[in-house]
Amino acid sequence: MAEYRTIGGKEFRDMLAASCNWLKKSADDINNLNVFPVPDGDTGTNMSMTYKSGTEEALAVDSDNIYLVAKAMAHGALLGARGNSGVILSQFWNGFAKSLENKEYMNSCDYADALTVASAKAYSGIANPVEGTMLTVMRDAASGAQKAAEEMSDSYQDIIKVAATAVDYARDSVSNTPNLLKVLREAGVVDSGGQGIYTILEAILLFLRGEEDIMQYRKSRVIASTAPSGSIISLEKTLSKEDEDPFGYCTEFLVRGEDMDVDKIRKKLEKKGESLIVVGDETTVRIHIHTLNPGEILEYACSLGTMHNIGIHNMDEQSQRFEAKKKDDILQNVNIAVIAVCAGKGLNEVFTSLGAVKVIEGGQTMNPSTKDFIDAINKIQSQNIIILPNNKNIIMAAEQVKSLTDKNIFVVPTRTIPQGIAALLAFDYNAQVEENTKLMTEATKNVKTVEITRASRSTNINGLDIKKKQAIGLIDGNLLAVSDNASGVMADVLNQINIDDYEVATLYYGEDITAEQSEITAEEIRAAHNNIEVEVIFGGQPHYDYIVAVE
């Protein structure tokens with residue numbers, strides 16, 4: 001008969017210590033998955049410090065009773081919980097420990113049950129749980145473990161097989177998180193907290209397999225997303241700083257008291273901010289919330305008992321630091337760098353947000369030189385660079401760069417701003433530079449460009465009698481309409497391209513156009529063509545009232 005394996009308190013302590021070190025080694029990799037604009041500390045660091053706090057308390061338990069060790073782990077994690085991910089992780093261990101109550105040892109079925117109860121406990125602490133996060137990964141891993149436990153016989157290897165199945169399910173769940181959460185899909189990353197849970201479960205499996213020596217020289221690998229490649233950011237809103245909501249203050253602390261009601265506290269605070277987590281018991285409650293008024297939260301907490309480990313962080317400042325660091329990291333670490341040319345603060349932000357590593361100021365009346373390109377290239381570490389000229393008069397200067405640098409330079413001959421944006425949206429982070437160049441070039445064929453500007457002089461062209469300062473309209477660079485006002489020209493050119501055959505028109509309004517004027521123009525288009533989705537984005541470009549991408 002096969003030997004029946006169980007895990008006691010002593011081995012469980014060793015397992016926690018090993019998994020704590022494994023998680024710590026991966027903390028930076030997990031941190032790098034954080035998605036702006038969620039500047040809530042660093043997920044990897046928060047999970048690692050929370051885990052360390054729990055492990056230290058567990059290691060102090062001199063008993064082979066697994067419940068006592070798990071209970072200490074949960075208590076220590078609660079006291080040391082940091083950030084959203086840390087608080088959720090502490091609740092995971094709280095549920096894990098409760099499942100082992102009255103047990104001295106843990107077998108394969110106990111482990112599966114513990115993961116299930118741990119997942120449920122983690123969900124219960126969140127006011128508005130979101131799928132595509134570490135909660136989802138916990139639940140999926142527990143589901144896999146339960147399925148494996150039901151299929152196993154009582155043998156020595158059972159707990160290893162259950163742990164292996166949990167890891168397999170966690171891996172698939174992490175890779176699927178971008179399919180469940182739009183912000184992950186847009187940023188092109190998997191959920192950082194989910195990666196952290198996978199890392200912990202992986203460490204447990206490695207320990208159970210006796211691979212502690214291997215764990216000293218390796219670390220967990222970041223899981224790739226199964227989501228299809230797409231844009232890096234949604235352009236549903238104007239990319240204007242004035243439109244962004246303030247992040248407020250990440251406020252977290254521990255409250256010690258008597259007869260505290262966790263559900264009542266959660267209900268009291270649920271309308272006071274975002275990302276609310278309230279967990280604990282009658283004597284110890286951990287609170288985490290994003291709020292614009294931390295004083296109000298602390299005042300209420302004082303009525304509950306004594307406060308400990310108070311942390312208040314200005315997330316707006318964190319956001320600014322995060323963006324600065326992110327831009328620097330991109331400059332240094334990307335495999336393929338994209339350089340774009342454009343004029344206008346808004347357009348600069350659009351290209352940067354879509355993944356351009358460097359934006360060179362230029363366009364009509366101010367074409368950048370070959371030296372401008374070389375200077376930009378020298379600031380980028382990547383050996384593979386794609387240039388988007390976005391203007392027919394800049395393509396030749398960009399082509400000259402190839403003979404002036406040892407780096408691999410590829411020019412996608414974009415002749416307009418909309419073509420450049422379409423090309424960048426087609427960029428595939430999983431493809432090689434040659435394939436990306438083809439994809440991006442092909443994407444430029446799927447967009448039409450409409451430009452509305454003012455005539456700099458009187459002339460006659462294409463049968464149009466044009467007077468100085470009249471509004472004129474161009475379609476893919478060809479001057480085809482004239483009117484005394486921009487609205488008249490816009491209506492004319494959109495009719496000429498059969499706008500009703502298209503789906504989306506994106507208006508980038510220039511530096512001389514107000515937001516109110518752009519909205520009036522957009523409403524006129526919607527009224528005349530009610531089947532077209534019209535988006536308005538601040539471009540800030542000089543000379544052109546509107547640049548319109550029609551797709």
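I began with the aromatic rings, and ring pairs link Phe12, Tyr51, Phe92, Trp93, Phe96 and Tyr111 into a cluster. My pairing rule takes rings of Phe, Tyr and Trp (its six-membered ring) with centres within 6.5 Å; planes under 30 degrees apart are stacked, over 60 edge-to-face, and the rest tilted. By this rule I get eight aromatic pairs.

A note on the source: this is a predicted model, where local features need pLDDT of at least 70 and side-chain atom pairs count only at pLDDT 80 or more, while totals for chains, interfaces and linings use all residues. Residues are numbered from 1 along each chain as its sequence is written, and side-chain values use heavy atoms, with hydrogens and water left out.

**Entry 1: one ring pair**

A pair of aromatic rings is described by the distance of the centres and the angle of the planes. I picked Phe12 and Trp93, which I found to be edge-to-face, with 6.2 Å centre to centre and 70° between the planes. Phe12 lies in helix α1 (residues 9-25) and Trp93 in helix α5 (residues 83-99), so this pair ties together parts that are 81 residues apart in sequence. My helices (H or I, at least four residues) and strands (E, at least two) are DSSP runs, numbered from the N terminus. Are Phe12 and Trp93 buried or exposed? Both are buried; I use buried for under 20% relative accessible area, exposed for over 50% and partly exposed in between (1.4 Å probe, protein chains only).

**Entry 2: the whole chain**

I counted 21 helices and 16 strands in the protein chain. Of its 551 residues, 54% count as buried. Contact, for me, means heavy atoms within 4.5 Å. Among contacts with a separation of 6 or more, 69% come from residues 24 or more positions apart.

**Entry 3: helices α6 and α7**

Two packed helices are described by the angle between their axes and the distance between the axes. Helix α6 (residues 108-124) packs on helix α7 (residues 134-151) at about 155°, with the axes 8 Å apart. Axes are lines fitted to C-alpha atoms, for helices over the stretch in contact, and angles run from 0 to 180 degrees between N-to-C directions. The residues in contact include Ala112, Leu115 and Ser119 of α6, and Met138, Ala142 and Ala145 of α7.

**Entry 4: the four-stranded sheet**

I traced an open, antiparallel sheet of four strands in the order β2-β3-β1-β4. Two strands pair if DSSP finds at least two bridges between them. β2 and β4 are the edge strands, each pairing on one side only. The twist averages 10° from one strand to the next. Strand β1 (residues 249-257) pairs with β4 in the antiparallel sense over eight bridges, and there Glu252 has Gly311 of β4 as its bridge partner. Helix α5 packs on this sheet, touching β1, β2 and β3, and its direction makes about 30° with that of β2. Helix α13 (residues 294-302) also packs on it, touching β1, β3 and β4, at about 170° to the direction of β4.

β2 (residues 274-280) has five of its seven residues buried. With strand β3 (residues 284-291) it forms a hairpin, three residues lying between the two. They pair in the antiparallel sense over five bridges, and Val279 has Arg286 in β3 as its bridge partner.

**Entry 5: the six-stranded sheet**

In what order do the six strands run in this open sheet? I read β13-β12-β9-β16-β14-β15, with mixed pairing. β13 (478-483) and β15 (533-538) stand at the edges with a single partner strand each, so one side of each has no neighbour in the sheet. The twist averages 20° from one strand to the next. Strand β14 (residues 504-509) pairs with β15 in the parallel sense over six bridges, and Ala505 stands opposite Val534 in β15. Helix α20 (residues 486-496) packs on the sheet, touching β9, β12, β13, β14 and β16, and makes about 135° with the direction of β13. Helix α21 (residues 515-528) packs on it too, touching β14, β15 and β16, at about 165° to the direction of β15.

Asn309, in strand β4 (residues 305-314), has a positive phi of about 50° although it is not a glycine. Asn498 has a positive phi of about 55° and is found in the loop between α20 and β14. Asn498 is partly exposed, with a relative accessible area of 46%.
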